[in-house]
Amino acid sequence: MTHNIASIDLLPVGTPRQLFVLLHGGGGAAVDMLDLASVLGEAFAEAAIVIPEGFESIHLGKTERQWFPVLGLNDENRPQHVAAAVPALAAFIREQQERFGILQSDTALAGFAEGATLALALSNLHDGLVGRVLAFCGRFAALPDKVPTLTTLHLLHGRTDAVVPVQEVQQDYAHLMALKADATCDIASSIGHELHPALMDQAVKRLQTCVPLRFWRAL
């Protein structure tokens with residue numbers, strides 16, 4: 001089944017060897033992720049980068065693209081809204097993997113804000129569908145009872161984020177560590193709720209230098 005989700009595709013000259021799927025924030029658009037796509041493209045020249053648009057919705061008479069209803073971070077139904085958006089995203093990722101002939105382990109999913117929340121939700125429900133999740137300035141809609149064993153999680157956040165307080169992300173990370181998750185958490189000083197170059201550069205470093213914990217456990 002093909003899902004009708006428009007996207008921006010940035011493809012390498014030759015056959016792709018990695019796949020990045022980038023998710024913009026609520027109310028944003030695919031073009032918002034082009035700076036991150038550029039950074040990733042420079043670091044991983046053989047990667048296909050796909051930036052899907054969020055699902056269209058009408059809010060206050062204005063058409064917006066978002067992954068799930070955004071009714072505030074304290075919306076009691078937020079976990080259900082996020083979980084309901086995961087199946088379409090999972091299907092889209094599988095379609096891209098088949099399209100380019102990319103393994104799940106060679107696929108990375110990156111999201112900003114609400115896109116990060118959706119990416120983390122996918123890791124809860126589909127362990128191993130992607131090898132890495134990069135969560136920029138977002139947090140779990142609902143903390144997992146168990147952590148993925150085939151997906152590495154990278155949390156990247158600004159210390160002065162006024163939308164998603166850094167303390168909440170640190171609490172999420174502590175929860176992951178208590179469950180022995182394969183995860184990292186990087187906090188950048190003097191950075192707020194933004195896809196800042198410092199966070200993007202750190203994400204590349206994590207991708208290039210962080211060996212998934214499952215490989216060490218297999219030794």
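## Ground rules

Buried here means under 20% relative accessible area and exposed means over 50%, with partly exposed in between (1.4 Å probe, protein chains only). This is a predicted model, where local features need pLDDT of at least 70, side-chain atom pairs count only at pLDDT 80 or more, and totals for chains, interfaces and linings use all residues. Residues are numbered from 1 along each chain as its sequence is written, and side-chain values use heavy atoms, leaving out hydrogens and water.

## The chain at a glance

You're looking at six helices and nine strands, taken as DSSP runs numbered from the N terminus (helices: H or I, at least four residues; strands: E, at least two). Of the chain's 219 residues, 50% count as buried.

## Helix H1

Start with H1, residues 34-43, where Leu 36, Ala 37 and Leu 40 are buried. Those residues sit on the same side of H1 because they cover an arc of only 100° around the axis, going by directions from the helix axis to the C-beta atoms. On the face turned away from that buried side, you'll find the exposed Asp 35 and Glu 42.

What do the buried residues of H1 pack against? Their partners are strands E1 (7-10), E2, E3, E6 (107-112) and E7, plus helix H5 (197-209), with contact meaning heavy atoms within 4.5 Å.

## The largest core

A nonpolar core is a set of buried Ala, Val, Leu, Ile, Met, Phe, Trp, Tyr and Cys residues joined through side-chain atoms within 4.5 Å. The largest has 38 residues, and Leu 109 is one of those touching the most other members. Helix H2 (78-100) is among the elements supplying at least two residues; H2 gives the most, with eight.
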